[in-house]
Amino acid sequence: YLKISKLALAFAIIHSKPPGKSSKEYIEYLAKTVSEQDFGWKWKVEVLEAEVLRLQQELLLTRISPRFCLENRKQDTSAETLLGQDSINPTNYSSQLEDSGCDVCNDSAFDSLGIASDFHQSEHNVNTSKHWLERVPPLNLCHTSREQSVTAPVHFLQCLLEIRQLSEGGILQADFSELENDSFTICNSVSQLLDGLTFFYNSPKFPAPSFLTEGVCVLIRLITDTKLSNYVLKKCFKKMEEFKKNLIQIILRNRSVNRFQALHSVSETLSLLGRNNILRNSLISLLLSEVRQFAEQLLQAHQVQSVYDITQYENIFFLCMILEQLLQNETEESNISSSDYGGEEKIKFLKNLDQIILHLSDEFPLFSLYLWRVSVLLNSGQMQ
């Protein structure tokens, strides 16, 4: 039946083609017309879905704290007030443009996207009610652009964070139990933010757009907030895991010549995510798995004298540095059992590690040193 239908359609197209046009040209014209119509409908659906999500966000905020939303509507503040600034740290950004991006050993590079300084500043920032309310922009219609995939959820999540801080100081009354009743809205908002961040990390620009920096800062503040993080991680844990896996693959697969600066900022985001105890354990397992698999592949290539991927070899050091940092933080925190992290991946990593280090130490001394340092941290945690 399907073959007969296709044949009938082909005859109908041939018979209906206008004079002066070949059948192939007419088919291509029809296909283009249909695809444009599909694109138009998809765009309209995306716009309507974005508007529905915006209304759901505004409704949820109203349920949590009606007074906050009432005061917020009185403010004559546009979205560009918060996200339209050229940069948060102009000095660092100007130096980025002059730098080749190959130096990743400088301590000042920690602030390559302005993320760390903003994160620490937000942790210690105490302001009055008026300042908070003036800083929050009204929730505008979300247009389907790449920038809006970050800025739209940032507006909503930042409102949640600021209501949280105002309620903690006794300035506002807020009922955060509404988050339990409306998990769809917060899940969609966090998911949209994570997808937007993934896209921009895949195509980095320097200087980094201010909305990207703001998006990372809001995400970190959200998952480190003692009250809000429970709602977010409980509903969005799988999405957060997918986000971490995507960031790891961005590091491993990046092959651009001047890539080290961009990879360093992705590494810092992973390190900041690892400050959360729940995310840290799973992130350590993911990193142990990737480093172990690469070490085994490198050993196999070395034994048969075959060619190995030099670019991935250079990129793997970013994962090693993140892993070492997370393990050090884990060991230093006495209130957390070090035997809990890693699990099965920890056993696999340590199983044949001595033999791998022995065979690779002459040809790949730096990588072998990193493997040894990670093993020491894992074993020290086991002894504790």
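A salt bridge here is a side-chain nitrogen of Lys or Arg within 4 Å of a carboxyl oxygen of Asp or Glu. Keep that in mind as you explore this predicted model, which holds 13 salt bridges.

**Stop 1: Arg164 and Asp225.** Select these two residues and zoom in. They form a salt bridge, and their closest N and O atoms are 2.8 Å apart. Arg164 sits in helix H8, while Asp225 belongs to the loop between helix H11 (210-224) and H12, so the pair ties together parts that are 61 residues apart in sequence. Are these two residues buried or exposed? Both Arg164 and Asp225 are buried.

**Stop 2: H8 and H10.** To see the contact, show side chains in H8, including Val150, Phe156 and Leu160, and in H10, including Ile186, Leu193 and Phe200. Sorted by class, the contact of H8 with H10 has 11 nonpolar and six polar residues, with no charged ones.

**Stop 3: H12 and H14.** Next, select helix H12 (residues 228-253) and helix H14 (residues 277-303), which pack at about 30° with axes 11 Å apart. The crossing of H12 past H14 is right-handed. Among the residues that meet are Phe237, Met240 and Lys244 in H12, and Leu283, Leu286 and Glu290 in H14. The contact of H12 with H14 divides into 10 nonpolar, two polar and four charged residues.

**Stop 4: H14 and H16.** Keep H14 on screen and bring in helix H16 (residues 344-351). The angle between H14 and H16 is about 25°, with their axes 9 Å apart, and the two helices are therefore roughly parallel to each other. Ser285, Leu288, Ser289, Val291 and Arg292 of H14 make the contact with Glu345, Lys346, Lys348 and Phe349 of H16.

**Stop 5: Glu324 and Arg373.** Here is another salt bridge, with the closest N and O atoms 2.8 Å apart. Glu324 lies in helix H15 (residues 310-332) and Arg373 in helix H18 (residues 365-383), so you are looking at a link between distant parts of the chain, 49 residues apart. Glu324 counts as buried at 9% relative accessibility, whereas Arg373, at 31%, counts as partly exposed.

**Stop 6: Glu51, Arg54 and Glu58.** Finish by selecting this trio, which salt bridges with shared partners join into one network. The side chains of Glu51 and Arg54 meet at 2.8 Å, N to O. Glu51 and Arg54 are three residues apart in helix H2 (residues 23-64), which means about one helical turn separates them.

Conventions: Residues numbered from 1 in each chain as written. Predicted model: local features only at pLDDT ≥ 70, side-chain atom pairs only at ≥ 80, totals over all residues. Heavy atoms only, no water. Axes fitted to C-alpha atoms, helices over the stretch in contact; angles between N-to-C directions. Helix = DSSP H or I, 4+ residues; strand = E, 2+ residues; numbered from the N terminus. Left-handed = near helix turned anticlockwise from the far one by under 90°. Contact = heavy atoms within 4.5 Å. Nonpolar A, V, L, I, M, F, W, Y, C, P; charged D, E, K, R; others polar. Parallel < 35°, antiparallel > 145°, perpendicular 65-115°, else oblique. Buried < 20%, exposed > 50% of the residue type's maximum accessible area, 1.4 Å probe, protein only.
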